[in-house]
Amino acid sequence: MHYVSAEGLTKSFGVTPLFRNISFHINEGDKIALIARNGVGKSTLLKILAGRDTVDDGKLWINKDVDVALFEQQPDFDEEKTVLENIFHVSHPVIAAIRDFEVASESNDGHALSEAITQMDSLGAWDFEAKVKQILGKLNIHNLQDRVDRLSGGQRKRVSLAKTLIDIGFDHKHTLLMMDEPTNHLDVEMIEWLEHYLNKENVTLLLVTHDRYFLDAVSDEIWELERENLYPYKGDYQNYMEKKVARLDSEQASVDKAKNQYRKELEWMRKQPKARTTKSKSREDNFYEIEAKAKQKIQDAQLQLQMKMNRLGGKIIEMKKVYKSYGDKVILKGFDYTFSKGERIGVVGKNGVGKSTFLNILQQLEEADSGKVNVGDTVVFGNFSQQGLVIKDDLRVIEYVKTFAESFPLAGGGSLSAAQFLELFLFPPEKQYTYLSALSGGEKKRLQLLTILFRNPNFLILDEPTNDLDLPTLAVLENFLSEYQGCVLIVSHDRYFMDRLVDHLFVFEGDGNVRDFPGTYTQYRIWQKEEERKQEVVKPQQKVEVNTPSAPVQKKKVSFKDKKEFEDLEKEIAALEAEKQQVVEQMSNPDLPFEQLNIHSKRMTEIAALLEEKELRWLELSEIV
């Protein structure tokens, strides 16, 4: 079924063009990821498709039988209403019945609960209620009577996501689901669940995300907005990168050819007399086309990160027997660690276990209950926090940067003025005189990163740095951090970003326990799932019931098929265990390329799932064989 057709869409903000004369089609079942630098029109294009913005020119057709649902970065709520009222806002009998059932369940009103159950039965709403329960549970949404204006930013984002998924799920219409950075403020378990949910629901999807693992898991096509054009690529992110390089090489070769032709035609133009024949006029018109082609710029400006890092001495940070609690909630329980030069550590754990408190104690912004935190004299912190830019006055960009320093020293010697440094961060002269309040979310993040590096830190603390940064900027940041000589501490739920950069993890497990895990984020998730699988297998074996049966239980007769399957399973499990050991050994190789590590990590996840399935079946058959 055909969902959307767009022909020659053009949109500008003032004199700044976002995209010009772009055309595309969306069909049922398409799963598309939209990629672009911040500020070139990703969110605007989604709003146009959702009917919340208009184009300057072009034609847009949306099938009348298709509902368009947009999940935005900034949730739109009725602030005075509760979480429950905002989520179940649609006027529909099934939604109303589930809302009444949830209210009755929370109030413990027996009469109201009985009536709600009767209504649910009559409408056959239990299947959808189970889906609602799953969505709310997986997104950790429990206090449905809380008002949304009292929620934190992360809670608001999760409520908005639940609202969107419930809206598209209750009525099985044709829906185009558009999502703008859905993984922000979600922990890794929630992200993995969302991947599974979107694949299982088989939705038609147009997605903007910076999370490359999530992108690969839920989409099979990539669109890139670049230099006012839209470029489609089939396949995953790695294929997109390879095809993009090939496209740019081809375009550059075409421009180089046009430049050579332009030089010849320019010489002809200068020699021509004023009175020209019809043939000469035609060649003159062609000259201007060649000139436009020859002067075309293929490569967009890339963010450049370079800095002169403050010298880092031998003593960095020592944390000795550090304890921290808030009432009954324990954050740290005797934490010990001595940081070394050049360490790259990831900090992971569920929301609310104390990761941000740990970062504050480390920087001595917050006191521990007991223990010592000794920070070396040469340590200069650079804190890229979730709080974002701290703005007291609505200054222009250049004025704001000059409040930190007038010039910036470079690693290779010399220095740059504040204006020159801003240009390296893709703030051209006209953008430098824009007010801070007029910047996009991604531009504010880029400016925040600039102001941190402006101080030449040697101990970087990055708290969810990937939120609101576009993929091109993230790629440059990753390359910069991989060569950075100082210490880096990263809190992130972006598995790709963590896998590329960290050497080991501080895993906040709750109740003050912090595990130092020697590996990447993906390796930790594989280990964690393996531990959970072992516990699930052990539990049924540990359960022993002592009963005296009134009559002997007749054992099921073993069929040849069962016996053969049992024997085959033993061989398959042994083969999988051997392959698993082999993959683990390959992943432990420190020289293994990142792309190969990613392939092995995915295979390890597949092996763990197969082992779980086959071992459970083996246990079932072992009862009768």
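# Salt bridges, burial and packed helices

Biologist: What makes the side chains of Glu 530 and Lys 580 a salt bridge?
Modeller: Glu 530 and Lys 580 are 2.6 Å apart, N to O. A salt bridge needs a side-chain nitrogen of Lys or Arg within 4 Å of a carboxyl oxygen of Asp or Glu, so the pair qualifies. The two residues belong to distant parts of the chain, 50 residues apart: Glu 530 is in helix 18 (residues 521-542) and Lys 580 in helix 19 (residues 560-587). Both of them are buried.

Biologist: What kind of model is this?
Modeller: The model is predicted, so local features need pLDDT of at least 70 and side-chain atom pairs pLDDT 80 or more, while totals for chains, interfaces and linings use all residues. Residues are numbered from 1 along each chain as its sequence is written, and side-chain values use heavy atoms, with hydrogens and water left out.

Biologist: How many salt bridges are there in the whole structure?
Modeller: The search finds 36. One of them joins Lys 64 to Asp 65, with the closest N and O atoms 3.6 Å apart. Another joins Glu 606 to Arg 603, at 3.1 Å. Glu 606 and Arg 603 sit three residues apart in helix 20 (residues 594-622), which means about one helical turn between them.

Biologist: Why is Lys 64 called exposed, and why is Asp 65 called partly exposed?
Modeller: Buried means under 20% relative accessible area, exposed over 50%, and partly exposed in between (1.4 Å probe, protein chains only). Lys 64 has 75% and therefore counts as exposed. Asp 65, at 43%, is partly exposed. Glu 606 is partly exposed because its value is 43%, and Arg 603 is partly exposed because its value is 26%.

Biologist: How do you know that Leu 460 is buried?
Modeller: The relative accessible area of Leu 460 is 2%, so it counts as buried. Leu 460 lies in strand 17. Its contacts (heavy atoms within 4.5 Å) include Phe 480, Leu 481, Tyr 484 and Leu 489, neighbours within four places in sequence being left aside. The C-alpha atoms of Leu 460 and Gly 486 are 7.5 Å apart, although 26 residues separate the two along the chain. In the protein as a whole, 47% of the 625 residues count as buried.

Biologist: What makes Glu 464 a buried residue without a salt bridge?
Modeller: Lys 355 has the nearest side chain of opposite charge, 6.3 Å away. Lys and Arg count as positive and Asp and Glu as negative, with His and the chain ends not counted. Glu 464 is in the loop between strand 17 (459-463) and helix 16 (471-483). Among the residues that Glu 464 touches are Gln 386, Lys 445 and His 493.

Biologist: Where do the helices and strands come from, and how many are there?
Modeller: They are DSSP runs numbered from the N terminus, with helices (H or I) of at least four residues and strands (E) of at least two. The protein has 20 helices and 20 strands.
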